[in-house]
Every structure is written in structure tokens, then in C-alpha cells.
Amino acid sequence: MDVRDKLTVLADAAKYDASCASSGSKTTRPGSTIGSTEGMGICHSYTPDGRCVSLLKILLTNYCIYDCQYCVNRISSDTPRARFTVDEVVSLTMEFYKRNYIEGLFLSSGIIQTSDYTMEQLISVAKKLRTEQRYGGYIHLKTIPNASQSLIEEAGLWADRLSVNIELPTEGDLYKLAPEKRKPQIEGAMAGIRDKIDETKQEQKAGFKPPRFTPAGQSTQMIVGATDTPDVEVLKTASQLYSLQNLRRVYYSAYSPIPHADARLPGQSPPLVREHRLYQADWLIRFYGFDANEIVAEADQNLSLDIDPKLAWALANRHYFPVDVNKSSREELLRVPGIGARNVKRILNIRRFQSLASGDMKKLRVAWNRAKFFVLTADHNPALLNLDKLDLRSKAKPKTKQLLLFDAASSALSGEV
Amino acid sequence: MQSIHVETFDDWRDAARRLLASGVSPTDVQWIGGAERSLFDDAPSPTAAGLGGEGTTPSVPKAFLELARYVACHRESGRWSLLYRMLWRLTHGEPHLLQVTTDDDVHQLTLMRKGVSRDIHKMKAFVRFRKLETGGAEEQFIAWHRPDHRIVRLAAPFFARRFSGMHWSILTPDESVTWDQTSLHYGHGVPVSEAPDEDALEDLWKAYYASIFNPARVKVAAMKREMPVRHWPTLPEATLIDDLLRQAPARADAMIQTNEGFAETAAHFMPEHGDLVSLRLAAATCRACSLHQCATQTVFGEGSPLARIVLVGEQPGDREDIEGHPFVGPAGKLLDEALEHAGIDRRDVYITNVVKHFKFRETETPRGKRRLHQKPDSREIYACRPWLEAELAAIGPQVVVCLGATAAQPLFGRDFGITKDRGKVMRTDWCDSTIATWHPAAILRMQDAVRQAQMRTQLVDDLASVK
């Protein structure tokens, strides 16, 4: 099998993975001659599925001894198999990078022989890139379940980011679809990385120069929609991971129909808009001070699909409004639908010098069609009269067409509301 | 009214400094960029350098200079006068003006800056280097790119940092830049015809691009917003987009159709009553997996319905398939002996298998066809497991003994290893004391006589321990 064929098989196998970020490392590794990590990551291309191509996202191999039912690479699937050599991955990464096709490498693997053996292979790719090629670009390694702590620590020396996949939102889901994986093991691996990150930071604070350890932190991925676990459980798991394991990102991947799928899985994927709502809710938890429980207002414990979670929260908590854009606190402003964190900052700046009227709000490009029902401005805002009316939901709701074409797609990756 | 001609940010800054020092109001200056001058003026205009008088440096926020540096690269011809008006206001009673993003001038400048920043970002993203086949020792990379604004000088330092160990040039219609691994050199604009038009690696890159696209999710509008169509001509992968989109619906359908899983499990064949007699009858017609097609018959479990101990094997073998009873072949003989040594009467236990049909591969031998045992795969085990679960539920044993790894893994999980976990009493969902030991067939296959004897003893010991 030549490299092109392997690339076709092993990129195809990686296409279900949602994580794509290539940011978070603030400086480039000293001594690098090709490759840098600075500021935000760059998306070098986009595919017709609207997702960016930022990293060379491949598997080292798609052979796997595990049998996770949602995974196309599970042992019992008859998908075509291939395996890269370490040198092939190193060369592909360097050649693609030199042509500015990619921002770095995202390397994952099916498990061959043992977890430790597989992890060692991933490490040697990253190590070769750093030491032999003097490559300074982004590297994200996916840790292998049950790999030993010493190997994970070594991986962290060469990689910018490590991820341990939580796979499914609850222990029950794991039991059902990934019986070989156990939540305590997954969380143990995350905690191991977290401890090492903390240790490195403490040493830096104390004035030492410890070796770099995953400067871009760790992330995880969760498959959503393969089981009927409601959004509130998904978000609770995510907020726990943010607070206990200090994760940088939780990626939600709407379960996508996979070829050769197990019949226990749904044949259709859940609407992509659900995945998008989860990113929005996740954003509210991380940057807006919301709690998972308060975001999910629906009786069925799921996020509304037709309106964004912040608007849904506002409609369910009307006593909180109106919020005065000229007087209210930062925290209060952050809860107004249609006003994002950046605009809250701008509003606080501007009102030191002049008061804001509704025209100013439009200039700031807040989503006035949503925000207008919830804010007091310096001028008369007639839309406020609707705040206590029953049909507010239908008035504030964006047109369905807009939602699908613009709203849902635009911030699907950032999750910004 | 003064006419000032400026080309670059530095020209503008010099001129603006002098005008400000002389107290010239924005309404009294006409700013002229390069292109406009040759159209309307015959006589050369006074340039920035021609203005007399060194003024004192006005104090303006750093953020303004940064903003101006970006706006200066914008193609909009009104940028110089807008910048000067801004400078004037900042130094004439409105020092906080930049914070008031709702102000019309600030708003317009912010939009222009955004346009330039976005263009720089797109350049960083969409420049595609092509390797020049020079035959020389040093690799040469060249890219042709068409930015919207005049941003080459703003973006070039980024490429110098990123590709510091590489010889590269970026050509644009307005300006070009070359990095020789030490410093940046700027030159004239270059038409696309002078850039190399291919790179051997583009085929690999396209293969990657086509494979990473998931046809089950199509969002064309999102793609076009982030990757504007005007950049597509310089992106090799963009030539694939039409085809990928055309094939997407069929590919997604195919993904959903090729559902290779067990359309059914034994759960669909469960009888109304869960007693062993009903179960045995129902299992005889089980079609949950494809193994029934070649096997002679279903080999169901046998033994006392009140058994305290249930023994679970892997699957029936050749003899069992023909006779219809579990553990009647050579492995069964060995098991009988072991039970006897352990002091257990076979009539007091219940013996069954994880998979109830014989799985085999047929081979030709000099003495005719032979059916070679094959290990059941996880799909078959999963499809058949409801029978085992129903048997265990009907009997409610105090001890379950798994014979071999294939029998143990469905109950203990895949982490289970027969060598390390053999003989340990563990709690599972099916029975509070579940243990695993050697499969008699594994003992028979063992070549090393010493090891075989040891395994035999261990099997007897393990059985005796649960007696």
C-alpha cells in the first residue's frame, strides 16, 4: 500500500473527530526552524462540511483491538485497514507544513498490541518531529486509554496538547457502547495530565525553567446522540471536566452515521443544530457564569433546538429583566440575549463617557432583534413592552431559515452566542 | 486648502505631524494617494517631506498608531483624511475617543482595520507554497497570492518566523517578498503567470482533503464564508469541491445503508416463558447471527435446573454440533475427569456455552473434508448473549465458572486476561462469585507436557475451590 492509499484510509478514519483547534501555545519552541505556534491557530482550508482543515488529522493505524460500538475502527468492523510508519507521518507533516497547507499534526491511533506500545509509537512521531526536524508547529496527540502515566508524561513533553477522550457523556452510556472503557480510568488519565500541568506551572512560578508540558493544555471529545442521554447530563459532565480536570475544551461531536455501523446505533445523525446548541451552552458555562442546570430549561432536559440557550434562559427568567445597559453590572449584561462578552466590554467602556441609546446598540452590532426585549436604553425602547407578554418567545425567535444558514453554522466552532 | 500626497504610513505620519504642529484643521487638507495624483495633477504636488517646520510630537494613544498602521494598508482612498481627522479630534479635546466605538469615525476606522486584519489572516491561511524543482541543494518555495489590501509588509514577518529555515517568496500583484533565512526583501508586484503552477505534493494534499470531508454533514454556506470563493483559484484542493458535493448525498446514504451490525440479537427470539425448557425450544430456531446457516443445530446448555454451579464454555465443537450436546468431545472428556477429581458430580452442574452454534472453516485433507474450529467474533458473541443471560436468570446459580478467555470476556469485559485473572473470584452482573479458569481444549492443545500437567492441576483446583 503506498502512502497515498494509506493517507486516504487513515484520514477517512479520523474524519469523525471534531477537535480541530490549533491554538493555546503562546510561544514557539526555542530552536525551531520550521513551524511556529503563536496567537490563535489558523484554519488553512474548509471542506464542504463547513469544518476547517487546520491540522493534518490522521490515525497512525486504524487497526484496533477494542470494540467500541460507535467507532468505525472497532475490531468487529470490516472497514479497510492501514498502518503508517513513524517516518511516513513525520515526512507528511513536514512536507504539508512547508507548503503552508496545515497548522500542525493531530495524531490518534487505534490500539495495536498493547496500549503502551501504541502510545510509544505516537510519542516517537512527535519526538522525531521536534528533535530531528526541529519542527516548532502544533502537535496534538490523543492519549491511548490505559497507557501508563510515564508515557503520557513523555508525550506531554513533545506535544502542545493532549486529549483523553471521555467518549460518551455518562458511565451508563460507556457501559452500553464502549464496554471496554471505564470512566474512572479515563478520568484518572485526565487527572494525571492535570497534575503534571499544575506541577510545571508551580515550578515556573517558583522561578525554575521546567521542560514544556502540553502548553496548550488538554481537551476531550464526547459523542452526542448515540444514546438518549439528555443535554443536561452532557453539560453536567462537561462542567465537571472543566472544574475538576481544568480542561481547555470539551468537543461535542454529533453522532454521525458510520459505515459498517452496529445496529444498536441510530441510522440517522441527530440534527447538527443540537451539537451547535451544546457548543453555545458550553460557551455560557465557561465565559458567562451560567450553571449547567439553569441553562437547560425544557422539561425533557434537552436544550431547545429552535432558540439559543441564552434566549431560552432569558424567556424562562423574565423577572431578571429589564437590564439597564447604562447602569447594570457586567454580570447582568452578560445574561442579556444577543449581547456577547466582547460587546459587554465595549458597553462598559463607552458608558464611562456617554450614555447608550438603542441606535448605539445597533452600531455595536449586538443582535438587537433579540436584545431589544430585555434592555433599558437611554432613549425609549418600545420593544420592552413585550417582556411580560405570552407571545414573546415567537417574537424573539429568529426565522428558521436564518437559524440554519447563518446562526447555526457561523458559530458552530467557536460556540459564541 | 493644502494638497498632500502620501504613499505609505510613514509618509502620512510625517505629514500629519507637521500639519498638526502648524494647527492645520482637517477641513483644510486634501489627502491624495498615489493613483489619484497622476489622474488629476499635472504639476507634482508638494510631498510630505516638502512641508517645512519640525513640530512637537503630539501625544496620542499607542492604540491609535497601531490602528493607523493597519488602516494605512486599506485600499479605500479616504483613509488618509479619515486618519487625520481622527488624530485631530484625539488631540483636540477628545482623548478617549477610541473607546467610543459608536462614534461614526471610530466605527468606520474599526471596520477598515477589521478588513485589513481579516485579509492578513486570510493570507496566513491561504498562501500555498510550491516547491521549485531547481535540482539545487537548497529547497526553494514560491507562492502567489492575491490579497484585497496592501498587506504584504504586515504579513511577511509572520512567514519569516514560521518558515525561518526555508528559502521562500510570496508574490502578489502589488508587491513581492523574499526570505533568504536571514532577512526579508521586498520587490515589485508579479503577475500570476510568473509563479510556478504545480507541486508534486498537491496530489497527496488533495487526497487528504477529500478523505477528511464527512459527506454526512454538508454546510456549503459556512465553507464559503470562511474560505471566500475569490481565493479558490490559488487553492489546489478547491478544484475538488464540486465533485465532493455532488457525491455527498449518495455517500451519506451508503454510510447509513451499510449497517453491518446484527440486525437482530437473540432477544428477538425469546419465548414468552423464561424456563429452561421453553428457552431450549426457542433457541433451536434462533437466526440472530449467520452461524445458524452452516452449523448442524443449536447446542443449548444442559444440566440440572437447580444447579448451584454453571459452567460456561466458548462454543460447541465438531462433535457437539453433530450430537447436539455440550462438552461431549475430547475437551468434554477432560472436563469430566477434572470434575471428578474436584469431587463434583457432572449431574449437579449446568453446562453451556457463550455461543450456541458451531463456527468453523472447511479444509480439504487427504482423508476428506475437515471442519476447523474458528473463534466467534464479538458480534456473534453479542448476538448470542441473551441466551446465556436467560439461562443464568432461570437457574440463579451461586457460582459461574467461565472456561477460557472467550467465555470470560463477555462477562468480565475485555480487560480480562486469562493468565493474570485465572482463579480469582469476582463479582459480575450475572453472579456474585464468578471465576474463570482454563478451557479444557486449551489444555489439550498445550504442547509442553509439564505445562499441560500444571494447567490440568490448576483446572481441578479452580473447580474444587467453588465446590
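This is a predicted model: local features need pLDDT of at least 70, side-chain atom pairs count only at pLDDT 80 or more; totals for chains, interfaces and linings use all residues.
A polar contact is a pair of N or O atoms within 3.5 Å; within protein, one atom must be able to donate a hydrogen and the other to accept it.

Start in chain B. N353(B) sits in strand 10, which spans residues 349–353. A polar atom of the N353(B) side chain lies 3.3 Å from the backbone nitrogen of E314(B). The residue counts as buried because its relative accessibility is 2%, and the cut-off for buried is under 20%. Leaving aside residues up to four places away in sequence, N353(B) touches V312(B), G313(B), E314(B), Q315(B), P316(B), P326(B) and F327(B).

Now turn to chain A. N62(A) lies in the loop between strand 3 (55–59) and helix 2 (86–98). At 1% relative accessibility, N62(A) also counts as buried. A polar atom of the N62(A) side chain is 2.8 Å from the backbone oxygen of P80(A). Among the residues that N62(A) touches are V9(A), L10(A), N73(A) and R81(A). N62(A) and S108(A) are 46 residues apart in sequence, yet their C-alpha atoms are 9.2 Å apart.

Back in chain B, look at a helix pair. The axes of helix 1 (residues 9–21) and helix 4 (residues 79–91) come within 11 Å and cross at roughly 40 degrees. The two helices are therefore oblique to each other. Helix 1 of chain B contributes F9(B), W12(B), A16(B), L19(B) and L20(B) to the contact. Helix 4 of chain B contributes W80(B), L83(B), Y84(B), L87(B), W88(B) and T91(B). By class, this contact has 10 nonpolar residues, one polar and no charged. The crossing is right-handed.

Terms used: Residues are numbered from 1 along each chain as its sequence is written. Chains are lettered from A and ligands numbered from 1 in the order in which they are written. Side-chain values use heavy atoms; hydrogens and water are left out. Helices (H or I, at least four residues) and strands (E, at least two) are DSSP runs, numbered from the N terminus. Buried means under 20% relative accessible area, exposed over 50%, partly exposed in between (1.4 Å probe, protein chains only). Contact means heavy atoms within 4.5 Å. Axes are lines fitted to C-alpha atoms, for helices over the stretch in contact, and angles run from 0 to 180 degrees between N-to-C directions. Angles under 35 degrees count as roughly parallel, over 145 as roughly antiparallel, 65 to 115 as roughly perpendicular and the rest as oblique. A crossing is left-handed if the near helix is turned anticlockwise from the far one by less than a right angle, and right-handed if clockwise. Ala, Val, Leu, Ile, Met, Phe, Trp, Tyr, Cys and Pro count as nonpolar, Asp, Glu, Lys and Arg as charged, and the others, Gly among them, as polar.
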